[in-house]
Every structure is written in C-alpha cells, then in structure tokens.
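Please go through this model with me, one question at a time. Where a term has a cut-off, state it once.

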Amino acid sequence: MKKFSFRATLLQMLVLILTAFNLLRAWTALAWRDTLNEFSAQPSSTILMVSGAVWVLCGIVLLWGIWQRKAWAEKLLLGASAGYSLWYWTERLVWQNPHPNWLFAVIVNLAIIVFILFSKKSLTREAYERNFENPKVD
C-alpha cells in the first residue's frame with residue numbers, strides 16, 4: 001500500500017483527534033448525566049451525548065474514506081469541517097457565557113479551515129492516482 005503524503009497524514013491525525021475528543025465527550029456526558037442534570041448544565045447531557053455521537057460517526061466514516069482513498073472523502077471532509085465549525089460556534093455563542101479567548105478561537109478555527117482547504121487537494125490527487133494506476137479489470 002502506498003504511503004500517504006505528509007499533509008494527508010496530518011489531516012488524518014486532525015480527524016482522529018477530533019473523533020477521539022467527541023468520543024470522550026459523548027462518554028463523559030453519558031457517565032455524568034445525573035450530575036450534569038442536577039446542576040442544570042448547559043447544554044444538557046442529552047445534547048452533549050447526541051452531538052458527540054454524531055461527530056464520532058462522521059469522523060469514523062471520514063477516516064475510513066481517507067484510509068481507503070475514496071474520492072468522496074474530500075467532499076465529506078469539506079462538509080464535516082463546515083458543519084463542525086458551525087456547531088462549535090453555535091454552541092459557544094449560545095451556551096457558553098462569558099466568551100473567553102474568542103480571538104484565539106477565531107484564529108485557530110481559521111487556521112484549521114485553511115489547512116483543510118489546502119490539504120484536500122492532496123486527498124483528491126491520491127484518489128486519482130490510485131484509480132489511474134490500478135484500474136479495475138472487468
């Protein structure tokens with residue numbers, strides 16, 4: 001199996017880290033739901049658990065698509081990154097009060113989006129090269 005480029009490897013690590021973070025988030029919301037509900041934590045433990053599970057499933061599918069060099073992984077990556085950024089900022093602005101370090105969060109979010117936009121070309125090229133070098137025989 002051909003090795004991934006450095007950018008594609010970093011991209012996989014980013015997806016893996018965010019998937020692990022959301023798995024931990026969903027598990028913690030499930031394990032501590034009584035305590036979170038007792039103190040009326042916002043968002044509720046159900047929202048934390050469901051959102052964490054959704055992002056874990058999305059991350060697993062995305063990782064599998066990248067590892068298998070699927071052509072659709074690029075589109076899913078763009079959609080997932082836009083959706084995750086939207087969810088992050090919605091959760092931050094609606095439920096988190098006060099909004100500490102907002103400038104740092106904006107800079108990190110923009111840097112990650114720029115990195116994803118530049119790295120997606122690497123994924124497309126690798127999927128194309130795989131299909132071109134190993135055509136299916138009917």
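The questions below go from the whole chain to single residues.

This is a predicted model, in which local features need pLDDT of at least 70 and side-chain atom pairs count only at pLDDT 80 or more, while totals for chains, interfaces and linings use all residues. Residues are numbered from 1 along each chain as its sequence is written, and side-chain values use heavy atoms, with hydrogens and water left out.

Student: In what order do the elements of the protein chain run from the N terminus on?

Tutor: Helices (H or I, at least four residues) and strands (E, at least two) are taken as DSSP runs and numbered from the N terminus. The protein chain has five helices and zero strands. From the N terminus on, the order is α-α-α-α-α.

Student: What percentage of the residues of the protein chain count as buried?

Tutor: Buried means under 20% relative accessible area, exposed over 50%, and partly exposed in between, with a 1.4 Å probe and protein chains only. Accessible areas come from the Shrake-Rupley method with that 1.4 Å probe, and for residues only the protein chains shown count as cover. The protein chain exposes about 9,500 Å², of which carbon and sulfur atoms supply 72%. Of its 138 residues, the buried share is 32%.

Student: What share of the contacts with a separation of 6 or more comes from residues 24 or more positions apart?

Tutor: A contact means heavy atoms within 4.5 Å. Among contacts in the protein chain with a separation of 6 or more, the share from residues 24 or more positions apart is 68%.

Student: How far apart are the end C-alpha atoms of α1?

Tutor: The expected span of a helix is 1.5 Å times one less than its number of residues. For the 26 residues of α1 this should give 38 Å, and the value in the model agrees: 37 Å.

Student: Which residues make the nonpolar surface patch of about 280 Å²?

Tutor: Patches are made of residues with over 30% relative accessible area and no salt bridge; like charges are joined within 9 Å, nonpolar side chains (Val, Leu, Ile, Met, Phe, Trp, Tyr) within 5 Å. One member lies in helix α1 (residues 6–31), namely M13. M13 counts as partly exposed because its relative accessibility is 41%. The patch is made by M13, L16 and I17.

Student: Which residue meets R25 in a salt bridge?

Tutor: A salt bridge is a side-chain nitrogen of Lys or Arg within 4 Å of a carboxyl oxygen of Asp or Glu, and by this rule the count comes to two. The bridge of R25 has an N to O distance of 2.5 Å, and the partner is E91. The pair links distant parts of the chain, 66 residues apart: R25 is in helix α1 and its partner in helix α4 (residues 73–95) is E91.

Student: How many residues apart in sequence are E74 and K120?

Tutor: The side chains of E74 and K120 meet in a salt bridge at 3.1 Å, N to O. E74 lies in helix α4 and K120 in helix α5 (residues 102–133), so the pair ties together parts whose separation in sequence is 46 residues.

Student: What is the angle between the planes of Y88 and W89?

Tutor: Rings of Phe, Tyr and Trp (its six-membered ring) pair if their centres lie within 6.5 Å; planes under 30 degrees apart count as stacked, over 60 as edge-to-face and the rest as tilted. The structure holds four aromatic pairs. Y88 and W89 form one that is edge-to-face, 5.3 Å centre to centre, with an angle of 85 degrees.

Student: Which residues does I116 touch, not counting residues up to four places away in sequence?

Tutor: I116 lies in helix α5. With a relative accessible area of 6%, I116 is buried. The residues that I116 touches are L11, L14, L77, L78 and S81.

Student: Which residues does a cis peptide bond join?

Tutor: One of them, P43, lies in the loop between α2 (33–38) and α3 (45–67). Omega is about -5 degrees for the bond joining Q42 and P43.

Student: Is R69 buried or exposed?

Tutor: R69 lies in the loop between α3 and α4 and has a positive phi of about 55 degrees although it is not a glycine. At 8% relative accessibility, R69 counts as buried.
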